[in-house]
Amino acid sequence: MLESVGALTGSPWIYVVVALSVLLDVFLPVLPSGVLVISAATAAAASTTTVTAAAGEATRHVPSLLVLTLCAATASVLGDLVAYRLAWRGGDRLERAIARSRRLTSAQQRLGTALSRGGGALVVVARFAPAGRSVVSLGAGAAHRRAKDFLPWSAVAGVAWAVYSVGLGYFGGQWLGAGWLGTAVSVLALFVAGALAALVIRRPRDTAAIPSARAAAGT
């Protein structure tokens with residue numbers, strides 16, 4: 001498995017694979033898009049490796065951090081937009097599906113409150129939580145939230161996630177080496193960020209509602 005990922009990160013096709021994985025994981029959160037981004041960034045942490053062959057010398061491709069970040073961020077925003085539009089068109093069916101889940105209903109209510117108050121930071125935090133991106137994008141579309149309230153925050157979330165993931169891979173590779181250890185520690189840091197983001201999203205609604213209640217009371 002690791003050898004296959006390593007071979008992929010040494011090919012220009014890594015950009016295409018990363019973009020497709022990030023684009024589609026809004027529908028299939030089990031896709032290892034974060035692991036791919038980190039692995040490619042870890043490979044970039046190593047200097048260009050020269051391999052001596054019988055016919056001469058060949059240079060192994062080293063992923064560009066800038067291109068990798070742009071691919072991941074752009075694919076993230078496009079995936080959110082596709083999910084948002086699909087949920088908008090099939091909103092009634094999706095609303096019924098969400099209504100059957102207390103967790104999804106609660107998440108959608110918090111999302112609506114946050115977006116209506118201009119507190120779209122929830123969209124950014126949810127990008128790091130497991131399946132949070134899916135809940136937010138589909139929930140915003142199903143509830144017919146305005147695109148201007150959702151998409152700018154989606155862009156911020158995509159850039160933040162891409163920069164964070166690429167940074168983890170690169171600096172992990174710099175400090176721990178561009179091997180399995182650097183990749184593993186960086187992936188662990190991504191999972192920790194996801195766990196913390198999930199805790200923020202799942203905080204009691206009463207706590208989140210205090211500021212709005214105070215505002216309504218004029219205090």
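My entries on the helix packing and the cavity search follow.

Ground rules. I'm working on a predicted model, where local features need pLDDT of at least 70, side-chain atom pairs count only at pLDDT 80 or more, and totals for chains, interfaces and linings use all residues. Numbering starts from 1 along each chain as its sequence is written, and side-chain values use heavy atoms, with hydrogens and water left out.

Helix pair. I looked up α3 (residues 33-45) and α4 (residues 65-89), which pack at about 170° with axes 10 Å apart. That makes α3 roughly antiparallel to α4 (the term covers angles over 145 degrees). Axes here are lines fitted to C-alpha atoms over the stretch in contact, and angles run from 0 to 180 degrees between N-to-C directions. Helices are DSSP runs of H or I, at least four residues, numbered from the N terminus.

Who touches whom? α3 brings Val37, Ala40, Ala41 and Ala44, and α4 brings Leu65, Leu68 and Ala72 (contact means heavy atoms within 4.5 Å). I get 7 nonpolar residues there, no polar and no charged. Ala, Val, Leu, Ile, Met, Phe, Trp, Tyr, Cys and Pro count as nonpolar, Asp, Glu, Lys and Arg as charged, the others, Gly among them, as polar.

Cavity. I searched the whole structure and found 1 cavity of 30 Å³ or more (on a 1 Å grid over the protein atoms alone, a set of points where a 1.4 Å probe fits but cannot get out; lining residues have an atom within 4 Å of a point). The largest cavity holds about 50 Å³, a volume being the space filled by probe spheres set on the points, which are joined across faces, edges and corners. Its lining includes Asp80, Arg127 and Ala157. α8 (132-142) and α7 (121-126) each supply at least two lining residues, and α8 gives the most, with 4. The lining splits into 4 nonpolar, 2 polar and 3 charged.

Terms used:
Angles under 35 degrees count as roughly parallel, over 145 as roughly antiparallel, 65 to 115 as roughly perpendicular and the rest as oblique. On a 1 Å grid over the protein atoms alone, a cavity is a set of points where a 1.4 Å probe fits but cannot get out, and a pocket is an open set with protein on both sides within 12 Å along at least five of seven lines; lining residues have an atom within 4 Å of a point.
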